[in-house]
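Work through the following exercises with the sequence and the coordinates open beside you. Each task is followed by a solution in steps.

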Amino acid sequence: MLQIRRELVEEIVAHARRDHPDEACGVIAGPEGSDTPERFIPMLNAARSPTFYEFDSGDLLRLYREMDAKDEVPVVIYHSHTATDAYPSRTDVSYASEPDAHYVLVSTKDRDRHQFRSYRIVDAVITEEPVEIVE
Amino acid sequence: MAVKVSIPTILRTHTGGEKSVDAAGKTVLEVIDDVESRHAGLKARLVKEEKLHRFINVYVNDEDVRFSGGLEAEVKDGDTLTILPAVAGGAR
């Protein structure tokens with residue numbers, strides 16, 4: 001299960017809407033071992049593509065160094081799909097390499113209604129999990 | 001053993017859970033081979049057909065080695081090698 005504060009959900013959705021039609025991406029860091037998303041970190045999609053995202057390699061290093069210095073881990077790794085549903089693609093699965101992370105997918109394919117779903121992706125197996133939004 | 005190698009979570013199964021291991025070598029490849037000699041299985045996750053795997057970023061200090069020779073990038077005493085899987089994906 002992913003437990004996440006409403007304002008963090010809103011920040012992710014706002015980021016996805018802002019970058020549409022390109023895919024948006026980012027991380028929510030939290031204290032190591034807590035499984036609690038706390039710090040919203042939107043990232044540049046270096047691919048700037050409507051169908052692919054990638055963190056710039058320099059940004060990635062800075063992000064992980066910063067999290068390490070604060071004893072944080074990437075609790076949530078999020079990105080958006082802009083023309084398809086919020087479900088992990090084969091590409092998403094092949095790149096997923098944080099076994100403890102909650103992979104959040106947002107879909108902005110409908111202008112009036114977004115999709116927000118969360119998954120664990122471990123050893124190439126996708127398991128959807130419920131999202132509990134806390135105030 | 002003058003090079004520090006930082007291991008990402010997903011590869012720590014090969015290092016008994018260690019986040020960081022010491023190694024020696026004058027190039028990225030030598031360092032990887034040195035780590036492999038004590039932690040079997042790690043190299044296969046990093047190197048494919050004699051090149052660094054596309055989905056893996058390796059840095060010597062602050063520099064991504066894809067810009068400085070890949071596996072042949074130079075490593076010096078006191079350097080830190082950081083391994084980070086790319087964070088990427090998408091609908092396509």
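Predicted model: local features only at pLDDT ≥ 70, side-chain atom pairs only at ≥ 80, totals over all residues.

**Exercise 1.** How many helices and how many strands does chain A have?

*Solution.* Residues are numbered from 1 along each chain as its sequence is written, while chains are lettered from A and ligands numbered from 1 in the order in which they are written. Taking helices (H or I, at least four residues) and strands (E, at least two) as DSSP runs numbered from the N terminus, one finds three helices and nine strands in chain A. Read from the N terminus, their order is β-α-β-β-β-α-β-α-β-β-β-β. The radius of gyration of chain A is 14 Å, close to the 14 Å of the globule rule for 135 residues, so chain A is as compact as a globular protein of that length; the radius is taken over C-alpha atoms, and the rule is 2.2 Å times the number of residues to the power 0.38.

**Exercise 2.** Determine the strand order of the open sheet in chain A, and then place the helices that pack on it.

*Solution.* Counting two strands as paired if DSSP finds at least two bridges between them, six strands form an open sheet in the order S3-S2-S5-S6-S7-S8, with mixed pairing. At its edges lie strand S3 (39-43) and strand S8 (125-129) of chain A, each of which pairs on one side only. Within the sheet, S2 (residues 25-31) and S5 (residues 72-81) of chain A run antiparallel and are joined by seven bridges; A:Cys25, for instance, has A:His79 in S5(A) as its bridge partner. Helix H1 (residues 6-19) of chain A packs on the sheet, touching S2, S3, S5, S6 and S7, whereas helix H2 (residues 57-69) of chain A touches S2, S3 and S5.

**Exercise 3.** Which elements of chain A supply at least two residues each of the side that touches chain B?

*Solution.* With contact defined as C-beta atoms, placed from the backbone, within 7 Å, 25 residues of chain A are in contact with 17 residues of chain B. Strand S4 (53-54), H2, S5 and helix H3 (90-95) of chain A each supply at least two residues of that side, and the largest share, five residues, comes from H2(A). Finally, S4(A) is joined by two bridges to strand S8 (residues 88-89) of chain B, the two running antiparallel, and the bridge partner of A:Tyr53 in S8(B) is B:Gly89.

Methods. Contact = placed C-beta atoms within 7 Å. Axes fitted to C-alpha atoms, helices over the stretch in contact; angles between N-to-C directions.
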